[in-house]
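Please study the sequence and the structure before reading the solutions.

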Amino acid sequence: MENILAKYDDFFVSIARPIIEHEEYQKMRFIPHHHNSVFEHSLGVAYLAYRISAKLGLDTVSTIRGALLHDFYLFKFRKREGKNIFAEGYRHSRNHPKIAKDNALKYFNLNKKEIDIILNHMFPVGLPKSLEAWVTSFADKSLAVWEYSARLYCYTNIKIANLLFASSK
């Protein structure tokens, strides 16, 4: 765990550690998300949101905690057979924040801002009420674009390499 936390500052780690070391939270390490795990994604969102919140003078503790728990739904999203991918994506966007909030409340005491962050990070499906929730929603979208871009970049390079090597045989 220490090697994962080494790249983050001491304040962030002091707030994050009780959540990320929790037995239930550790399950997120094994749930795929974009090109890594829900655990890594949530840690990245929390750190980015924390840095932005700190610059804006917002509640960094609630931002860290809420952002860490924003995807605490503990299952892999799967498209149901025969269903439209866009309808399925909307269903997941609408439902997973509620599941994440319920899971978070089972294991952690949350304040109103933290609940707002979890429930409304999927803007425009949810409408954030606090600035901390807006920042977390922005951080989540920004990191998702980065994760998808990295995945697309790797996929494209693999395809190009396969074409090059296939044509040289």
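Contact here means that heavy atoms lie within 4.5 Å. The structure is a predicted model, and every value below is computed from it.

**Exercise 1.** Describe how helix 2 packs against helix 5, and state which residues meet.

*Solution.* Two packed helices are described by the angle between their axes and the distance between the axes. Begin with the geometry: the axes of helix 2, residues 10-20, and helix 5 come within 10 Å and cross at roughly 40°, and helix 2 passes helix 5 in a right-handed crossing. Next, identify the residues: from helix 2 come Phe11, Phe12, Ile15, Ala16, Ile19 and Ile20, which meet Thr60, Val61, Ile64, Arg65 and Leu68 of helix 5. Finally, sort this contact of helix 2 with helix 5 by class, which gives 9 nonpolar residues, 1 polar and 1 charged.

**Exercise 2.** Carry out the analysis for helix 2 and helix 4, and state how the residues of their contact divide by class.

*Solution.* The axes of helix 2 and helix 4 come within 12 Å and cross at roughly 145°, and the crossing in which helix 2 passes helix 4 is right-handed. In helix 2, Phe11, Phe12 and Ile20 take part, meeting Phe39, Leu43, Ala46, Tyr47 and Tyr50 in helix 4. The class division of this contact of helix 2 with helix 4 is 8 nonpolar residues, with no polar and no charged ones.

**Exercise 3.** Is helix 5 oblique or parallel to helix 7?

*Solution.* The axes of helix 5 (residues 60-68) and helix 7 (residues 112-120) come within 8 Å and cross at roughly 40°. That angle makes helix 5 oblique to helix 7, and helix 5 passes helix 7 in a right-handed crossing. The contact draws on Val61, Ser62, Thr63, Arg65, Gly66 and Ala67 of helix 5, together with Lys113, Glu114, Ile117 and Ile118 of helix 7. By class, the contact of helix 5 with helix 7 comprises 4 nonpolar, 3 polar and 3 charged residues.

**Exercise 4.** Which element gives the most to the lining of the second largest pocket?

*Solution.* The second largest pocket has a volume of about 290 Å³. Its lining consists of 14 residues, of which Lys7, Tyr8, Glu40, Leu43 and Gly44 lie nearest its centre. Two or more residues of the lining come from each of strand 2 (36-37), helix 4 (38-56) and helix 8 (131-167), and helix 4 gives the most, with 5 residues. The lining of the second largest pocket has 6 nonpolar, 4 polar and 4 charged residues.

**Exercise 5.** Is the peptide bond from Phe123 to Pro124 cis or trans?

*Solution.* Most peptide bonds are trans. The bond from Phe123 to Pro124 is cis, with omega near 15°, and Pro124 is placed in the loop between helix 7 and helix 8.

Note on methods
Residues are numbered from 1 along each chain as its sequence is written. This is a predicted model: local features need pLDDT of at least 70, side-chain atom pairs count only at pLDDT 80 or more; totals for chains, interfaces and linings use all residues. Side-chain values use heavy atoms; hydrogens and water are left out. Axes are lines fitted to C-alpha atoms, for helices over the stretch in contact, and angles run from 0 to 180 degrees between N-to-C directions. Helices (H or I, at least four residues) and strands (E, at least two) are DSSP runs, numbered from the N terminus. Angles under 35 degrees count as roughly parallel, over 145 as roughly antiparallel, 65 to 115 as roughly perpendicular and the rest as oblique. A crossing is left-handed if the near helix is turned anticlockwise from the far one by less than a right angle, and right-handed if clockwise. Ala, Val, Leu, Ile, Met, Phe, Trp, Tyr, Cys and Pro count as nonpolar, Asp, Glu, Lys and Arg as charged, and the others, Gly among them, as polar. On a 1 Å grid over the protein atoms alone, a cavity is a set of points where a 1.4 Å probe fits but cannot get out, and a pocket is an open set with protein on both sides within 12 Å along at least five of seven lines; lining residues have an atom within 4 Å of a point. Grid points are joined across faces, edges and corners, and a volume is the space filled by probe spheres set on the points.
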